Amino acid sequence: MSEAKIPLAGVIGHPVAHSRSPRLHRHWLNTYGLPGFYVPMDVATQDLETVLRSLPKAGFVGVNVTIPHKEAVMNIADQITDRATLIGAANTLIFREDGKIHADNTDGYGFITNLQDGAPDWKADAGPAVVLGAGGAARAVVASLLDAGVPEILLTNRTRNRAEALKEEFGKKIKVVEWVQAGNILEGAGLVVNTTSLGMVGKPELRVPLDGLEAHTVVTDLIYAPLKTGLLQAAEDAGCTTVDGLGMLLHQAVPGFERWFGQRPEVDNATRAAALR
Ligand code: NAP
């Protein structure tokens with residue numbers, strides 16, 4: 001009699017101890033009564049390929065990838081989805097039965113699903129979207145906003161070159177604005193997104209003047225520690241609909257969990273509580 005294999009998955013990063021993904025996936029495994037395990041794996045860059053090629057042999061069906069390996073896995077994967085190619089990074093790997101590593105990026109999906117969940121009345125064509133920051137996460141945000149149909153993205157970053165590089169890649173719907181002018185582009189925006197690390201626990205506050213925020217604007221922050229950042233507090237005070245960053249983390253995990261464990265999980269209040277525990 002052959003024993004059914006128990007699917008294994010996990011998150012690879014360096015460091016990885018801070019990751020909330022193990023709590024999240026274990027919550028879903030328990031909720032749905034599924035066999036399987038999800039573990040954090042701290043892997044140094046020089047060992048990344050060896051580890052990824054070995055894991056399927058040990059029963060792993062896939063992994064999430066986090067900082068600093070999201071770009072490096074693109075050079076290791078055998079197949080890459082269009083959205084991962086567009087973003088230039090992958091966060092979800094599927095180990096196929098034929099031994100091939102399939103790479104996808106679900107950050108943009110997580111971002112837009114969280115936004116639509118938290119601000120169901122937001123319309124992509126409501127006005128320009130202001131994106132603060134042009135790092136790795138901003139790439140996924142910009143790609144998903146363009147995909148959703150926003151007419152224009154006003155992109156501003158401390159290091160202007162990085163914003164210009166995104167404009168080069170993503171095209172003429174992106175207008176680069178000087179970082180010192182960021183406070184002047186909030187008026188009339190349909191959406192404001194903070195993709196910088198400013199406002200996160202242990203980082204400086206976001207110093208952009210926020211008095212231009214208007215009540216019709218939806219404001220969202222990718223940061224989820226704290227859940228209510230200075231930006232979200234100011235937006236709430238201005239009467240805006242606000243969406244915190246935790247939902248993005250939860251929703252980006254859905255496609256991977258479904259592929260690995262065979263069940264599409266719900267993102268609900270119990271999921272939020274489990275990830276915060
Ligand atoms: P990253 O690639 O390192 O980019 C960091 C961004 O923050 C850059 O735009 C950087 O500007 C800006 N920044 C940092 N310090 C600054 C300062 N003192 N003044 C002005 N700008 C500053 O990081 P990332 O991967 O994009 O992540 C950004 C944030 O999003 C992090 O807080 C991360 O936790 C969060 N995130 C959340 C989720 C989620 O699921 N909710 C997913 C991904 C990321 P420069 O280019 O000038 O350095």
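Here are a few questions and answers on the ligand site and the sheet of this predicted model.

Local features need pLDDT of at least 70 and side-chain atom pairs pLDDT 80 or more, while totals for chains, interfaces and linings use all residues. Residues are numbered from 1 along each chain as its sequence is written, and side-chain values use heavy atoms, with hydrogens and water left out.

Reader: How many residues surround the ligand?
Author: Count a residue as near if one of its heavy atoms lies within 4 Å of the molecule. Ala137, Asn157, Thr159, Arg162 and Leu222 are the closest ones. The shell's total is 21 residues.

Reader: Which residue has a backbone N or O atom 2.8 Å from an oxygen atom of the ligand?
Author: Polar contacts here are pairs of N or O atoms within 3.5 Å. The backbone atom at 2.8 Å belongs to Ala137.

Reader: What share of the ligand's exposed area does the protein bury?
Author: Areas come from the Shrake-Rupley method with a 1.4 Å probe. Taken alone, the ligand exposes 930 Å². The protein buries a share of 77%.

Reader: And the sheet: which strands are at its edges?
Author: Strands are DSSP runs of E with at least two residues, and two of them pair if DSSP finds at least two bridges between them. This open sheet of 6 strands has mixed pairing and the order S2-S1-S3-S5-S6-S4. Pairing on one side only are the edge strands, S2 (37-42) and S4 (79-80).

Notes:
Polar contact = N/O pair within 3.5 Å; in protein donor to acceptor, adjacent residues only side chain to side chain. Helix = DSSP H or I, 4+ residues; strand = E, 2+ residues; numbered from the N terminus.
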